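Have the viewer ready as you read.

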Amino acid sequence: MVEIVLALLAGAALTAGPLLWSARRAARTARAAARRATEAENRAQGAEVRARTAEERVRAGEGRTRTAEGRAHAAEARQTLAEARLATAVREFAHLAHERLPAAATALTHPRTPVPGPLDTGTGQEELHRALDAVLSAAVRAALAERERTDAAARAALRGAASKIQALLIQVRSLLEEVQLSVDDPRLLALDFRNELTLRRVQSLAVLSGAWPGMTREDSPLAELCVGAQSRVAGYARIEITNHLREPRLAVAARAAEPVAIALAEILGNATAYSHPETRVVVSVEQGSSGALVVVDDMGVGMEPDQLERAGELLDGQAEVLLTELGDPPQAGFAVIGLLCRQFGFGCRVEPSPYGGVRAILRLPADLLTLTDPTAPLSALAPRPITQSAPVFDAGDALPTRKRRAPRVPQQDAPSALPAPAGTTPDRARSAWSALQSGTAAGRTAADTAADTAAGRTAADTAADTAAGRSTADTAAGRSTADTAADRTARPEGPAAPEGVETP
């Protein structure tokens with residue numbers, strides 16, 4: 001049994017050996033397979049990880065691609081916007097150079113000229129608009145500075161030239177006065193008058209360029225100033241002066257006499273230049289409660305509303321007047337008056353006249369007025385005050401009756417004027433001028449001996465000498481009112497020169 005068992009065991013052992021080997025081999029194989037499976041799983045997991053990483057990279061790449069595409073689209077949009085802005089800026093700069101800058105330069109001399117704004121007024125262009133406005137403002141400031149510099153240089157040159165020409169004209173006047181004493185030729189009076197007209201023009205230019213207008217040594221009666229201003233105008237024969245002063249000896253202070261005479265001469269010059277040669281220029285001298293007025297009415301072409309407004313700005317004297325703003329040819333009359341008004345404290349305004357032309361009102365405040373010495377005689381050429389009549393109530397009358405009041409001052413006899421010849425002939429003209437020159441020569445001789453030493457003649461006395469006259473306050477031309485009294489007392493007043501006989 002034992003042997004059988006042993007044999008069975010031996011046979012089983014012999015049989016189990018290969019089985020065990022096979023089992024071990026299978027176990028090794030299973031372990032190898034398990035390792036391979038584990039490795040495969042690990043590789044699969046790694047592959048999955050790499051796949052997920054790749055997917056993430058792909059997604060990141062797609063995101064970067066989309067970002068790049070977005071950036072490309074944004075860059076294209078920015079490029080398009082930049083091109084549009086560049087085109088807008090080019091148009092705006094062209095508009096600035098061709099429209100806005102010329103309009104701004106024109107507006108410097110014509111304030112009512114509209115200055116156009118930017119072409120594109122929409123949003124998004126504020127920075128460009130600010131830059132363009134800064135450029136426009138800088139250009140305007142540069143133009144103003146250059147214009148002021150040019151105007152200052154022009155004023156200096158004009159002032160120097162005017163002073164030299166004025167000195168030469170004064171020398172011509174003195175020479176003509178000497179020649180008139182020895183040569184009996186009526187054409188010398190016409191030449192002297194033309195010299196006075198030229199001197200007035202040069203004096204106005206000198207005042208406009210900043211020169212001092214001059215000052216008389218004595219107060220000048222207002223009525224005589226009006227006659228003196230009349231004598232400085234070519235169309236003096238058309239001017240009719242009416243004196244309504246309550247005080248016949250109302251005078252302008254010495255410091256303002258010559259400026260007032262210059263301003264009034266400019267007003268009368270405008271009135272005669274812009275009206276028909278056969279019409280009158282009516283001058284009324286009034287005395288108010290706070291000063292005096294000289295009202296000048298012409299029957300000319302008048303002025304448009306914009307011209308009246310511009311004239312008011314010049315006469316106001318507040319705005320700076322540049323030589324380049326006076327036009328071509330320059331019209332300096334209102335500018336000169338405005339400068340004198342600002343410097344010496346009187347005023348002037350223009351308005352439509354009831355005669356159809358222009359009315360100019362020269363207002364003299366009370367601080368520029370005074371009364372002359374009652375013992376000093378008034379010029380025979382000065383218009384006498386018109387006697388005012390006022391209604392006076394009588395006690396026994398039911399209705400008021402008008403009675404004339406006695407005049408405030410005794411009336412002086414007006415000089416008899418030489419009647420204008422009906423038909424002017426050379427012989428008649430020669431006789432009239434010869435009589436005028438004879439009286440003039442006698443008066444000058446007596447006046448030169450008495451008082452006329454070196455200052456020259458006054459405007460009112462020279463009006464008798466030259467039939468056109470000279471101003472009472474023509475100090476800038478070498479005259480003084482201090483010599484007037486001696487000239488008036490010794491010089492016979494001559495008649496007015498008949499028109500049309502300058503060259504008999």
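A disulfide is a pair of cysteine sulfur atoms within 2.5 Å. By that rule, the structure holds 0 disulfides. Cysteine 341 is in no disulfide, and the nearest cysteine sulfur, which belongs to cysteine 348, is 5.6 Å away. Cysteine 341 is buried, with a relative accessible area of 7%. Here buried means under 20% relative accessible area, exposed means over 50%, and partly exposed lies in between (1.4 Å probe, protein chains only). Cysteine 226 is buried too, with a relative accessible area of 1%.

A word on the source: this is a predicted model, in which local features need pLDDT of at least 70 and side-chain atom pairs count only at pLDDT 80 or more, while totals for chains, interfaces and linings use all residues. Residues are numbered from 1 along each chain as its sequence is written, and side-chain values use heavy atoms, with hydrogens and water left out.

**Charged pairs**

How many salt bridges does the structure hold? There are 14, each being a side-chain nitrogen of Lys or Arg within 4 Å of a carboxyl oxygen of Asp or Glu. Let us look at some of them.

| Salt bridge | Closest N to O distance |
|---|---|
| Arginine 59 and glutamate 55 | 4.0 Å |
| Glutamate 196 and arginine 173 | 2.8 Å |

Glutamate 196 and arginine 173 form a salt bridge. This pair links distant parts of the chain, with glutamate 196 in helix α3 and arginine 173 in helix α2 (residues 126-182), 23 residues apart. Helices (H or I, at least four residues) and strands (E, at least two) are DSSP runs, numbered from the N terminus. Glutamate 196 counts as buried at 6% relative accessibility, and arginine 173 is buried at 3%.

Arginine 280 is partly exposed at 36% relative accessibility, and glutamate 240 is partly exposed at 35%.

Arginine 59 and glutamate 55 lie 4 residues apart in helix α1 (residues 2-109), so about one helical turn separates them. Arginine 59 is partly exposed, with a relative accessible area of 48%, and glutamate 55 is partly exposed at 44%.

**An aromatic pair**

The structure holds 1 aromatic pair. Rings of Phe, Tyr and Trp (its six-membered ring) pair if their centres lie within 6.5 Å; planes under 30 degrees apart count as stacked, over 60 as edge-to-face and the rest as tilted. The ring centres of phenylalanine 193 and tyrosine 236 are 5.5 Å apart and their planes stand at 80 degrees, so the pair is edge-to-face.

**Helix α7**

Is helix α7 largely enclosed or largely open? Of its 12 residues, 10 are buried, so α7 is largely enclosed by the rest of the structure. Among the buried ones are Phe334, Ile337, Leu340 and Cys341. The buried residues of α7 pack against α3, α5 (254-273), α6 (305-316) and β6 (347-352). Just after α7, glycine 345 takes a positive phi of about 90 degrees.

Methods
Contact means heavy atoms within 4.5 Å.
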